[in-house]
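This report looks at a few local backbone features and at the surroundings of the ligand.

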Amino acid sequence: MSQLKQMSHLDNIPSTPGKFKMEKRLRWHSSLAKLTFWSFVFLGLIFIFFFLSPSSSSLPSDPSRRSLRTYSWGGPAWEKRVRSSAKVRARNGISVLVTGAAGFVGTHVSAALKRRGDGVVGLDNFNDYYDPSLKRARQALLERTGVFIVEGDINDSELLRKLFEVVAFTHVMHLAAQAGVRYAMENPSSYVHSNIAGLVNLLEVCKSANPQPAIVWASSSSVYGLNTKVPFSERDRTDQPASLYAATKKAGEEIAHTYNHIYGLSLTGLRFFTVYGPWGRPDMAYFFFTKDILKGKSIRIFEAPNHGTVARDFTYIDDIVKGCVAALDTAEKSTGSGGKKKGPAQLRVFNLGNTSPVPVTDLVSILERLLKVKAKRTMMKMPRNGDVQFTHANISLAQRELGYKPTTDLQTGLKKFVRWYIKYYSAGEKSAQ
Ligand SMILES: NC(=O)c1ccc[n+]([C@@H]2O[C@H](COP(=O)([O-])OP(=O)(O)OC[C@H]3O[C@@H](n4cnc5c(N)ncnc54)[C@H](O)[C@@H]3O)[C@@H](O)[C@H]2O)c1
């Protein structure tokens, strides 16, 4: 108030100071001093408020960290939703916490588990690595099937402990991660946050849970890095990653080994090979090629040195889901309790691929036929920013132990993707970002 008064007084000062009487001048000086004093006090208070505020001190630059502090959870109504979503309806059903449930693979796996009568609770931080409205649409889809996605971060141990207090999950399907190889050069800390710190935090809570759940989690084919021997087998070396993403997945496999060894957690890592399909990820080539071809924009296709072919073992989402569900069904119980190991526990790693790599140029030709639009192709030398020349899975181990058998070829799978894409983006005039 006093500040406002000073302002109105200042407003009355004549614009010609030479006409001032002495007394008026002194009053003016003292008013100016007061105004300066109060301005400093006011600015000081603002500064102290921001400096001491806990949220500002943890204001991080990456999206996954930002979301750690913005979610509210807890309370009787929230617990009721969690319990109802976790309710097992099938005889011999399991109760699963699915992290990354609003993600591409997480949505499909959650829906499949729910369909067969398992209890499913999702967890996702809805970060904006890619268009969050797509994650919200997947959430709405799951909600209709009775799956509740808790909004929160896997680094929030209090939230995770609360979830295990409300539901004695028998299994965790851990899919939350910072995906994508090229983005690691832009935002490396998001990979450390979700793929390393988040994984450790989740395993810490799981090891202390009583009973301990069995954990199935997503590693990646990228751990094979610069290997040239094909097809990639689980026995091959995985110590030459080509991206920070791959390095964090490899670190995850070592961390899994530690928690299995010390605490008796049952852990199964799945090395997915380029998963594609409806509700897919907009940062992946098949997705943004579709978008750009439809817009008439030119697309950049990478080629290896000496015009070498870049190829991927594209794996259709339904095949991956079958592999995930089989891994959950064959996972043995963890052996520890109360944070202590009681005996040896299961530790597994499986390739989940399609076993038939397809050159990226062929992927584009299939899309051209399905979209009935000719692509404007620009061939480019593959930059050294995380991509590898080819991937090719040997899946005999998964075949033997999980009964895994992919059945969808790229032509059939892309047809389903394109049908979904056109329907999704033409409804309500949504545009792919
Ligand atoms: N899609 C593929 O081709 C592929 C290939 C190899 C491995 N993977 C792995 O499979 C898993 C699922 O991949 P996707 O394609 O569904 O990716 P996605 O990005 O669509 O799904 C991941 C989800 O996790 C959430 N998330 C990220 N960090 C989180 C955190 N700290 N706390 C809570 N939620 C968080 C994201 O919001 C997202 O919804 C990931 O671990 C990924 O690394 C995928």
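## Cis peptide bonds

Pro-231, in this predicted model, is found in the loop between S5 and helix H10 (244-263), and the peptide bond that joins Val-230 to Pro-231 is cis, with omega at about -10°.

A cis peptide bond also joins Asn-210 and Pro-211, where omega is about 5°; Pro-211 has its place in the loop between H9 and S5.

## Positive phi outside glycine

Asn-92, although not a glycine, has a positive phi of about 65°, and its place is in the loop between helix H5 (76-86) and strand S1 (95-99). Asn-92 counts as exposed because it has 8 C-beta neighbours inside 10 Å, where the cut-off for an exposed residue is 12 or fewer.

His-307 is a residue other than glycine whose phi is positive, near 55°, and it is found in the loop between strand S8 (298-303) and strand S9 (311-312). With 8 other C-beta atoms within 10 Å, His-307 is exposed.

## The shell around the ligand

The ligand is surrounded by 28 residues, of which the closest are Gly-100, Gly-103, Phe-104, Ala-177 and Ala-218. Two or more residues of this shell come from each of helix H6 (104-115), helix H9 (188-208) and strand S5 (214-220), and H6 gives the most, with 3 residues.

Sorted by class, the shell around the ligand holds 12 nonpolar, 12 polar and 4 charged residues.

Note on methods. Residues numbered from 1 in each chain as written. Predicted model: local features only at pLDDT ≥ 70, side-chain atom pairs only at ≥ 80, totals over all residues. Near = placed C-beta within 6 Å. Helix = DSSP H or I, 4+ residues; strand = E, 2+ residues; numbered from the N terminus. Nonpolar A, V, L, I, M, F, W, Y, C, P; charged D, E, K, R; others polar. Buried ≥ 20, exposed ≤ 12 C-beta atoms within 10 Å, placed from the backbone.
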